[in-house]
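Visitor: Could you show me how to read a protein model, one feature at a time?
Guide: Gladly. Let us look at the picture together and begin with a loop.

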Amino acid sequence: MLHRRQFLQSAAASISAAGLAGCDPSEFLAPPTNNLDIQHARYNVVPNVTTTNMVSLSPDAAPSVLRARQGVPFTATVTNRLSDYTTMHWHGIRLPNEMDGVPYLTQFPLGKDESFTYTFTPPDAGTYWYHPHCMTMEQMALGLTGALIVDEAEDPGFNDDIILNLRDFRLGKDGQFKELFTPRGAARGGTLGNVRTCNWDQNPVYDARTGGVARVRVLATDITRIYKLFLPNTRGRIIALDGHPLLTPLPWPTEQAPLTLSPGQRVDLAIEIPEREGTELNLMALIGGRPKSLARIRAMGRSDNRKLEELNPLAANNISEPNLQSAETHEFVFGWSPSGDLPDNGFCGSLGYTFWSINRAPWAGDASGTGPLATLKLGDSYILRLRNESPNVHPIHLHGLTFKPIRSNKRQVLPNWTDTALLLKEETLDVALVADNPGDWAFHCHVIEHQKTGLAGYIRVA
Ligand SMILES: [Cu+2]
């Protein structure tokens with residue numbers, strides 16, 4: 001094995017050799033490895049008060065935005081500096097099963113000071129995110145939810161690329177965390193936070209080129225809240241949902257008809273920045289029926305005089321179209337479970353009780369406990385019939401595969417590719433996919449208290 005110094009010397013030698021050849025030395029360096037240390041952090045979420053005991057990738061900042069490029073290998077070495085176990089999951093990315101970060105299903109959880117190197121080549125460009133998949137109720141609630149941006153192979157030509165990671169925290173008057181979950185919350189819609197943030201700040205402002213066209217990526221990484229979003233007095237269009245360019249257009253959201261973004265979902269917006277420097281646009285949400293500003297975008301600099309119409313549409317990601325004629329249907333019933341104690345079956349934490357089930361069986365959440373809910377044949381098309389028997393809504397997330405809603409008994413659905421579909425009360429939603437990625441893929445509600453109290457399972461593709 002090379003020692004670090006020898007490695008540096010040999011790297012320097014190759015750079016100087018490349019330099020002699022008259023080439024750009026940076027072309028000869030391997031893509032950077034992301035070294036991600038999961039650790040405790042302190043941060044002023046509320047001005048002048050330091051919230052301690054947060055979880056991030058650095059001691060004093062929100063989880064960093066990670067960037068990958070479509071079709072180029074991405075590597076991240078994750079080291080656990082916490083005393084609890086953990087893993088990292090890459091939400092929405094179609095990757096090899098062993099890189100999916102689901103404890104026991106795809107890997108063993110990482111103990112203190114243990115590392116795991118995740119490496120995959122993202123096939124799809126767009127807005128994705130990362131979060132732990134072990135001790136999720138604690139580590140996500142304490143802050144560890146970050147953006148993973150997969151840049152298009154060709155630059156789509158925006159003036160700015162603004163990332164708005166939305167989430168709440170449950171803080172007391174002293175700025176410290178209150179109890180993160182409650183049986184009452186878990187049995188209903190989940191336990192809501194009380195401090196709304198964007199990138200861990202309250203109603204922050206970001207600058208964008210005056211008169212330019214900005215790409216604004218909004219990520220709902222909260223563990224509970226379903227956002228109802230709109231941008232008043234803003235000229236824009238929705239260009240992608242859950243990572244993928246739209247196949248069917250979505251209307252521009254308004255206060256009367258806001259865009260619903262449930263936990264796990266992302267939306268990409270193209271926005272015209274006003275022509276007058278200093279003008280602010282607001283990303284708003286209806287919270288308890290009232291409009292609240294979550295983030296602001298301010299026009300700065302000399303005008304670029306651009307219009308939305310100048311933009312080329314984003315290039316489609318290459319996703320196989322399911323054959324609905326040959327597709328077999330599998331039904332999944334999301335409902336209650338007899339309330340009871342759920343034994344902790346591993347190192348990834350249990351809330352200690354169960355309220356929910358898929359196909360009548362509760363599952364411990366982060367860890368595999370029962371057999372697959374369904375086994376799909378590699379390469380075949382399927383319809384997954386998601387049937388909600390409960391009076392609550394559930395954002396249903398499937399790992400490793402991309403699907404599209406095709407019909408519902410409750411509403412007209414728009415067939416856009418996704419990894420997370422919000423299932424309404426008493427809705428039966430059919431989604432279609434090609435089972436083209438082999439492995440055991442976690443399938444669960446993204447209201448984390450639901451996931452951790454029974455609403456989780458996995459689907460096998462073989
Ligand atoms: Cu749920």
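**Reading the model step by step**

Guide: Asn-233 sits in the loop between strand 13 (227-230) and strand 14 (236-241). Strands (E, at least two residues) and helices (H or I, at least four) are DSSP runs, numbered from the N terminus. This is a predicted model, where local features need pLDDT of at least 70 and side-chain atom pairs count only at pLDDT 80 or more, while totals for chains, interfaces and linings use all residues. Residues are numbered from 1 along each chain as its sequence is written.

Visitor: Is Asn-233 buried or exposed?
Guide: The general idea is a count: a residue is buried if 20 or more other C-beta atoms lie within 10 Å of its own, exposed if 12 or fewer, and partly exposed in between, with C-beta atoms placed from the backbone. Asn-233 has 9 other C-beta atoms within 10 Å, so Asn-233 is exposed. Its phi is positive, about 55 degrees, although Asn-233 is not a glycine.

Visitor: Which loop holds Asn-199, and what is its phi?
Guide: Asn-199 lies in the loop between strand 10 and strand 11. Its phi is near 55 degrees, a positive value in a residue other than glycine. Asn-199 is buried, because 20 other C-beta atoms lie within 10 Å. For an exposed case, take Gly-172, with 11 other C-beta atoms within 10 Å. Gly-172 belongs to the loop between strand 9 and helix 3 (183-186).

Visitor: How do I read a sheet, and what is the order of the 6 strands in the open sheet?
Guide: Start with pairing: two strands pair if DSSP finds at least two bridges between them. Here the order is 10-9-12-17-14-15, with mixed pairing. Strand 10 (195-198) and strand 15 (244-245) stand at the edges with a single partner strand each, so one side of each has no neighbour in the sheet.

Visitor: How many bridges join strand 12 to strand 17?
Guide: There are 7 bridges between strand 12 (residues 213-220) and strand 17 (residues 266-272), and the two run antiparallel. Arg-215 stands opposite Ala-270 in strand 17, and Leu-219 has Arg-266 as its bridge partner there. Strand 9 (residues 160-169) is also joined to strand 12 by 7 bridges, but these two run parallel. On that side, Asp-161 has Arg-215 of strand 12 as its bridge partner.

Visitor: What is the order in the open sheet of 5 strands?
Guide: That order is 11-19-18-13-16, again with mixed pairing. Strand 11 (205-209) and strand 16 (259-261) are at the edges, each with a single partner strand, so one side of each is left without a neighbour. Strand 11 runs parallel to strand 19 (residues 290-300), joined by 5 bridges. Within that pair, Tyr-206 has Ile-297 as its bridge partner.

Visitor: Finally, what is the mean pLDDT of the chain?
Guide: pLDDT is the predictor's confidence in each residue, from 0 to 100. The chain's mean is 91, and 90% of its residues reach 70 or more. Over residues 1-28, however, pLDDT stays under 50.

Notes. Contact = placed C-beta atoms within 7 Å.
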